[in-house]
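Dear colleague,

Please find below the structure that I am handing over to you. My findings follow it.

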Amino acid sequence: MKFKSDSSTAADQMWQMSCLQSEISFACAVVLTLFFKNKVSGIAASFLMMAVVNGTSLFFLFHNRINKKIEVSCFVYIANVVAVGFGVLINHHFWLKMGTPFEAFFGFKIVAIIIALQAPVVTWVGWSSLIFLFVAPLTQYFIWSPEQQGLLGIQEPGFTAVVILSCGFIYFQRLKILEMVKKQAQLKASEVEIRRFAHLLLGAQHLINSPLQVIESGIDLIRIKHPDTEPIVKKIEASFEPIRHVSRLLSFGRQHLNWDEVNLALTVEDLEKEIQKISSSVEQARPPQL
Amino acid sequence: MSPTVVFLEDNQDLRDLLQSIIESSLQVSCAAYESVKNLIANEATVLQSRIVILDIELGFKQPTGIDAYQWLIEKKFNGHIFFLTGHGYSNPLVQAASKAGVTIWEKPISSAQIVSNFKSILEYGAQDIVGAV
């Protein structure tokens with residue numbers, strides 16, 4: 001089953017991950033069920049149970065393909081992990097019953113490695129899956145009688161525990177790297193926006209500097225031609241001073257300008273268009289409500 | 001007779017005001033042009049003046065004050081050049097001109113400062129102009 005999505009939101013990623021996991025688990029469970037069908041019926045039944053859960057997961061995901069509710073994808077992901085875990089626990093029970101030597105908790109290790117490398121974007125899903133994979137085999141091991149425990153290799157259950165703890169460490173590191181990459185991307189994006197904003201302010205300054213100079217020179221000319229207006233001119237100048245200061249402040253970003261690419265607004269209409277562009281990109285950058 | 005001061009400025013109101021201020025304060029003649037094309041068309045007049053003030057942005061896709069500055073250098077203009085700019089102060093070409101001794105003023109600047117600098121040049125031929133703002 002292939003469901004493609006171009007969007008890269010957390011909900012989309014979680015949905016795609018759950019789909020991939022369900023598809024692989026379902027295919028493996030079906031093959032193993034068929035393989036053990038005529039050999040060990042109990043083991044075949046455990047894989048059949050896995051196939052049913054994984055198949056049901058696919059059914060839920062298919063119905064969730066439009067809205068892609070993240071809760072459904074998370075639930076399905078954990079359900080698949082638990083189904084695989086219980087499938088392994090059940091077939092271990094039958095292997096022990098038969099007294100046949102077998103490789104213990106192999107499925108748990110494989111699933112833990114996949115989770116560590118696949119790193120679900122919703123962290124509580126990854127951690128709760130790994131905790132389940134750590135607790136379940138140890139619980140089963142300590143439920144077994146000493147004779148049954150003796151059928152396993154001397155390294156168990158320690159080896160399984162160490163592998164799953166190592167997977168937890170890998171997962172932790174991956175989350176840290178993902179967080180760093182995300183922060184870097186956010187920093188880069190905000191730098192671009194700040195640069196754009198500085199550019200906008202500089203455009204505004206460009207548009208008002210000549211009119212301000214006209215006012216400034218006009219006041220000076222009035223003073224020269226009509227010396228009796230001095231008291232009024234002083235008042236106008238006092239009010240003009242903060243405007244002059246604000247105009248200088250608008251150019252704070254000019255040291256970051258690339259003069260080869262600079263294309264400042266030459267009219268108020270151009271400036272208005274620029275403001276609308278920034279306004280709509282700020283609107284688009286708003287994080288989705290999950 | 002050639003004007004003493006030449007303005008290159010695309011804003012007509014500003015051209016008129018600056019011209020009036022300089023003429024009434026310093027009793028010298030001024031000429032003002034709105035584009036680099038007009039400035040070059042009056043080459044003889046411009047090159048004989050003592051002071052040239054250049055605005056940088058002169059309209060959409062129009063040659064800038066920097067082009068005018070380069071033209072003046074090519075023509076070996078030996079008067080004083082000033083940039084009167086709103087935002088072009090950090091432009092590398094303007095910065096290079098500043099290092100070469102050109103004074104850069106940022107709009108808005110008081111006319112008193114302009115007049116006082118011009119007075120120094122005209123009276124004493126001062127080379128050290130204080131006032132890169």
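This is a predicted model: local features need pLDDT of at least 70, side-chain atom pairs count only at pLDDT 80 or more; totals for chains, interfaces and linings use all residues.

Across which strands does helix H1 of chain B lie? Helix H1 (residues 12-26) of chain B lies across strand E1 (5-8) and E2 of chain B, at about 170° to E2(B). Here, helices (H or I, at least four residues) and strands (E, at least two) are DSSP runs, numbered from the N terminus. Axes are lines fitted to C-alpha atoms, for helices over the stretch in contact (C-beta atoms, placed from the backbone, within 7 Å), and angles run from 0 to 180 degrees between N-to-C directions.

Residues are numbered from 1 along each chain as its sequence is written, while chains are lettered from A and ligands numbered from 1 in the order in which they are written.

In chain B, 5 strands form an open sheet with parallel pairing, in the order E2-E1-E3-E4-E5; strands pair if DSSP finds at least two bridges between them. At the edges are strand E2 (30-33) and strand E5 (103-106) of chain B, each pairing on one side only. From one strand to the next, the twist averages 20°. Strands E3 (residues 51-54) and E4 (residues 80-85) of chain B are joined by 4 bridges, and B:Val52 stands opposite B:Ile81 in E4(B).

Chain B has an average pLDDT of 84. Residues 127-133 of chain B stay under 50.

Yours sincerely

Terms used. pLDDT is the predictor's confidence in each residue, from 0 to 100. Two residues are in contact if their C-beta atoms, placed from the backbone, lie within 7 Å.
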